[in-house]
Amino acid sequence: GRDHNIFDDEQAGSYSSYSGSTSYLDDDIDVAQDDYSSFSAKRSPSNMKELKGVMKAMEWDRSNVGLACCASYCGFCSVCTFVFAFVGFFLVGWIATSGITANAIVDSPDALGYPLWVSNIDNEAPPEYECYKFFNLTNYEEIANNPSATPAYNETGPYCYRLYHEKVNVEWTDDGDRVSYNIYQYYEWAPEESNGDAMTDIVVNLSPGYIGILATTGTEEDLTIAFVGPAFKLNMEWLTTVFIHHIETETQNVFLSSTQATLVANSTIENFYTTWANATSLPSAEWEGMLVSLNSSASGISMNSASMLWNASLEYSLVYTGDDDTAWLWYNATLPVNEVNGTDINEDTRSMALQMIQSTFHLTQQQTSMVADWLQNSAYPEIVDPGLVANYSSDGVLQVTDLGWLQWGSCGVRDDAAELYNFPMNGTIEYGCFPSLRKGFSVAESKKLLNGTYGLFSMYQIGEFFNEYYLVAMNPINCPNDTKTHLNAECKHCTGCTEASCVSKEPGYNCTFHADGDCKNQYNTTKHCNGRPADCAPPTNTTLVECHRCRTCTDASGNGTLDTSNCRHCEGCTWDGEETPCNECSNCENCDLFLACNNEEVWDEINDKWGLEYESTLSFVGYILYSSQVYGEPYLKKILFEGGGGLFPIRTVNNWIFNAQDPLMAISNPAEPNAGNLIQNMTDVSDASTKYERITTYTGKKNISQVAVYQSYGNLTEIPPPFWAEPVPIEGCTEWGQFQPFLNELDVKDLYTFDPTYLRNLHLERSGSVSYRGVPLWRFMLSNATLQPDPTYYQSIPGFANTTSFHQGCPIFYSNPHYAGVDDYYAEKVTGVKENRNWKSDNTFVDVEPVTGMVMHVNVSLQVNCFLDASYPNLGKYYNPPLDVFYPIMIAYKETTLSKENAAEYQVTVVWTAWIQNFSFALFFAISLICVVFAGTIFLKLVRRNSDAVDKETISLIQ
């Protein structure tokens with residue numbers, strides 16, 4: 001390199017011979033190097049100038065080649081990074097979208113989001129709480145029978161419970177696009193989230209359960225009648241236990257004497273006493289039920305004591321027949337243990353009777369107990385009871401408890417039962433029968449009537465029998481066209497009336513006219529027989545009698561009226577609608593005692609369901625009305641005012657919510673005694689199939705916008721009438737915290753969800769955007785239209801959602817907490833509620849993260865009210881509170897919020913993914929831009945250098 005300094009500048013001119021092109025190929029450079037070698041060998045001054053020019057040309061050529069390569073590489077890098085910028089952006093976005101989609105779409109147990117979708121138990125799901133604020137009615141005693149008083153409340157709580165839920169019986173269909181399941185959910189008391197103790201805090205309020213019972217039975221008067229059903233059941237429980245015990249002790253002397261005679265006939269009386277008292281095993285089958293010491297140690301009862309116990313002439317002996325006191329003594333001595341609150345209420349009575357037997361027959365205490373045990377556990381079931389069944393077998397008695405049914409149905413066991421046996425609660429209540437009020441029933445008829453498929457033990461069934469059948473059949477408004485009264489169908493009052501037809505209403509019954517003129521079956525009863533009268537022939541007795549019952553008759557010419565003395569009485573029937581001579585009888589009609597039309601369909605249903613004929617129905621209804629006054633009402637009052645039931649129960653908060661121990665509800669609805677609970681808490685997974693309807697939703701596998709959207713609820717795709725006035729489609733998402741992902745401002749303004757609490761679709765309106773724990777969210781609020789008048793949902797009062805139709809007729813209405821949005825007319829009907837309004841918390845809002853579609857923060861709240869409108873007809877006998885009032889029961893609200901941990905996880909999975917996506921795009925785009933700028937700069941330099949070389953060549957040529 002230093003050798004180049006020897007070249008003179010003048011020799012640079014020879015360079016021009018190499019400057020004919022702007023660049024050199026590699027082979028050109030090799031030629032130049034060869035030239036250089038030959039010049040070097042010569043090393044003459046002229047040759048050295050040429051060599052200098054060649055070397056400069058080589059240097060310029062290599063410089064241009066480097067710049068060109070650099071520019072090419074920069075251009076290539078620019079293109080690559082530009083492509084990477086967009087590919088990376090969409091690749092990261094695709095990865096993020098795939099992750100969100102995989103979490104949202106749960107199409108199998110292997111799905112990524114399955115663990116959090118199926119349950120919130122023992123996983124990282126944020127805790128869910130349901131909290132309740134209760135309204136305590138402070139002046140319930142004042143308003144119970146004062147319709148002008150104002151209900152006054154104070155608010156207690158909140159009382160919070162943690163909600164756990166799990167989807168069970170999960171089944172996927174349609175290649176994973178649909179999933180069906182039941183919800184198993186339960187609550188645990190959360191004192192750390194509460195203000196007060198739900199287990200001890202007492203609340204008094206109007207009972208929706210009591211109003212619901214009235215919705216089923218009718219008025220409180222109807223409730224009293226319906227309560228005869230449970231009264232009959234309590235009656236029958238007494239008749240099949242206590243009454244049977246009385247009969248056993250009353251008849252033990254007969255059956256024991258008979259058995260003794262049989263055993264003594266094959267032995268001696270002394271051997272009988274010894275074996276009866278002390279044998280520990282059966283000598284023979286004849287001794288079955290006759291051994292005091294069987295399978296035990298010998299009692300040691302002496303011969304003298306045994307002979308006294310079996311002496312028919314000695315008072316209080318086992319076989320004495322002289323008075324009733326003996327039966328009562330043995331009845332008391334054999335009373336079973338009956339514990340109430342841990343105390344045997346029969347103990348004192350039993351002890352006194354045993355002491356008397358012990359002293360009378362010179363027994364020890366142990367011997368006395370052994371004799372009583374023998375009677376109760378051996379003699380009665382093996383000797384006395386079979387004898388009683390045999391004695392009453394012709395009356396349909398198949399087992400000893402049937403005696404109770406026979407007694408209730410026909411006084412077939414004791415005619416004086418009403419005097420001897422009474423129900424001890426609240427005074428004397430008859431347990432006998434009442435032949436003057438009702439027809440006698442057989443055992444089978446009594447069981448069908450009271451305990452059959454439509455048995456009248458049930459309040460619901462007895463209410464249905466009385467209101468939906470009996471009163472309907474008796475109401476002349478319900479008479480079919482062109483029918484006569486029922487009495488007219490069997491009317492033979494007019495002289496000369498004959499039965500025109502006699503037909504059977506039931507297969508197996510052959511109905512014919514009998515000698516007495518009645519249409520009867522082969523069993524000589526009118527059961528299932530239908531006889532109709534013919535026209536009445538002219539009376540054979542022409543004596544005219546004056547009768548005020550007859551209508552005034554017109555004469556044949558139609559001129560004026562005839563004197564009533566020209567009317568014939570026809571034994572209680574007036575004339576029919578036809579104009580006939582007043583001295584003749586036509587069809588008997590409009591009988592003096594109008595009972596009912598001949599509505600055969602209704603009467604036949606009564607017969608089919610309860611086995612009651614027309615006449616027995618009338619007498620039985622009389623018995624029901626009688627029983628409602630002497631038995632039903634006292635029993636009902638005790639339940640209402642002493643047993644914790646009634647319109648204003650006093651309960652702990654926890655009992656109001658989950659364990660409403662209402663004795664009236666237990667009696668009226670024994671199949672669901674906890675139906676009065678405000679919330680049904682599940683205690684077993686099996687409850688999921690009965691307490692929560694089966695849900696079918698789309699998973700979004702085929703259409704991501706259908707994630708968690710209802711396909712059916714309870715196997716219904718719409719809620720049919722009469723729940724609502726017209727069919728309401730089941731639409732929108734479930735309430736379990738997932739809407740469609742990838743919401744955007746252009747397409748999504750509102751959301752929709754089907755809510756099982758309202759049993760309808762709810763409209764959630766977009767109200768703005770919020771940020772919670774650094775997470776940007778879209779806020780939606782419940783549409784105001786939800787609580788506005790709407791005939792489809794039977795809503796007529798602004799601010800209240802009517803849910804009566806799916807609360808078994810109980811007028812339950814939902815509103816915003818503290819009557820927010822309700823007209824002051826109703827809000828001011830009570831005190832202590834409106835005054836606590838909080839416009840920030842008295843509304844429902846849902847905050848949704850738009851990318852994932854997940855609910856990150858929610859406050860769902862509603863107030864439960866029971867509405868007694870101004871014309872509410874069902875109260876008045878026992879209670880008379882203010883009407884036209886929405887009685888507030890409680891505020892229920894569910895709050896789920898994003899925890900710090902969940903927020904951090906969201907930041908990593910969503911926010912940072914979006915940041916990486918944007919950062920990678922920006923980075924690669926920036927590199928691409930730098931490469932473009934650099935390549936452009938090099939290109940400009942290369943162009944300028946070439947331009948300078950051309951200029952020099954031009955100057956050299958000029959020179």
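This is a predicted model: local features need pLDDT of at least 70, side-chain atom pairs count only at pLDDT 80 or more; totals for chains, interfaces and linings use all residues.

Colleague: How many disulfides does a search of the whole structure find?

Modeller: Cysteine sulfurs count as a disulfide when they lie within 2.5 Å. C131 and C160 meet that, with S to S at 2.1 Å. For the whole structure, the search gives 1 disulfide.

Colleague: How many residues apart in sequence are the parts that C131 and C160 tie together?

Modeller: C131 belongs to strand β1 (residues 129–137), and C160 belongs to strand β2 (residues 153–173). Both C131 and C160 are buried. Because the two cysteines sit in those two strands, the parts they tie together are separated in sequence by 29 residues.

Colleague: What is the handedness of the disulfide of C131 and C160?

Modeller: The torsion about the S-S bond is the quantity to look at here. For C131 and C160 that torsion is about 110 degrees, so the disulfide is right-handed.

Colleague: Which cysteine sulfur is nearest to that of C810, and how far away is it?

Modeller: C810 is in no disulfide, and C810 counts as buried at 4% relative accessibility. C866 is likewise in no disulfide and is buried, with a relative accessible area of 0%. The cut-off for a disulfide is 2.5 Å. The sulfur nearest to that of C810 belongs to C866, at 4.5 Å.

Colleague: Is K609 buried or exposed, and which side chain of opposite charge is nearest?

Modeller: K609 is part of helix α19 (residues 600–610). K609 is buried and has no salt bridge. A salt bridge needs nitrogen and oxygen within 4 Å, whereas the nearest side chain of opposite charge is 4.5 Å from K609. That side chain is E464.

Colleague: Which side chain does K609 join in a polar contact of 2.5 Å?

Modeller: K609 has no salt bridge. A polar contact does link its side chain to another, at 2.5 Å, and the partner is Y469.

Colleague: How many residues apart in sequence are the parts tied together by K702 and D174?

Modeller: K702 and D174 form a salt bridge, with 2.9 Å between the closest N and O atoms. K702 is exposed at 54% relative accessibility, while D174 is partly exposed at 35%. K702 sits in the loop between β14 and β15 and D174 in the loop between β2 and β3, so the separation in sequence of the parts they tie together is 528 residues.

Colleague: Which residues are linked with E633 in a network of salt bridges?

Modeller: E633 lies in helix α20 (residues 614–642) and is buried, with a relative accessible area of 14%. One of its salt bridges is to K877, whose closest N and O atoms are 3.5 Å from those of E633. K877 is partly exposed at 33% relative accessibility. The network links E633 with E221, K637 and K877.

Colleague: Which residue meets D884 in a salt bridge of 3.8 Å?

Modeller: D884 lies in the loop between β24 and β25 and is buried, with a relative accessible area of 11%. Its partner lies in the loop between α24 (824–827) and β23 (845–848) and is partly exposed at 23%. The residue is K829.

Colleague: Which residue in β15 stands opposite I695?

Modeller: Strand β14 (residues 695–698) pairs with strand β3 (residues 178–189) in the antiparallel sense over 4 bridges. R178 stands opposite Y698 in that strand. β14 is also joined to β15 (residues 710–713) by 3 bridges, again antiparallel. Opposite I695 stands Y713.

Key:
Residues are numbered from 1 along each chain as its sequence is written. Side-chain values use heavy atoms; hydrogens and water are left out. Two strands pair if DSSP finds at least two bridges between them. Buried means under 20% relative accessible area, exposed over 50%, partly exposed in between (1.4 Å probe, protein chains only). Lys and Arg count as positive and Asp and Glu as negative; His and the chain ends are not counted. A polar contact is a pair of N or O atoms within 3.5 Å; within protein, one must be able to donate a hydrogen and the other to accept it, and residues adjacent in sequence count only if both atoms are side-chain atoms.
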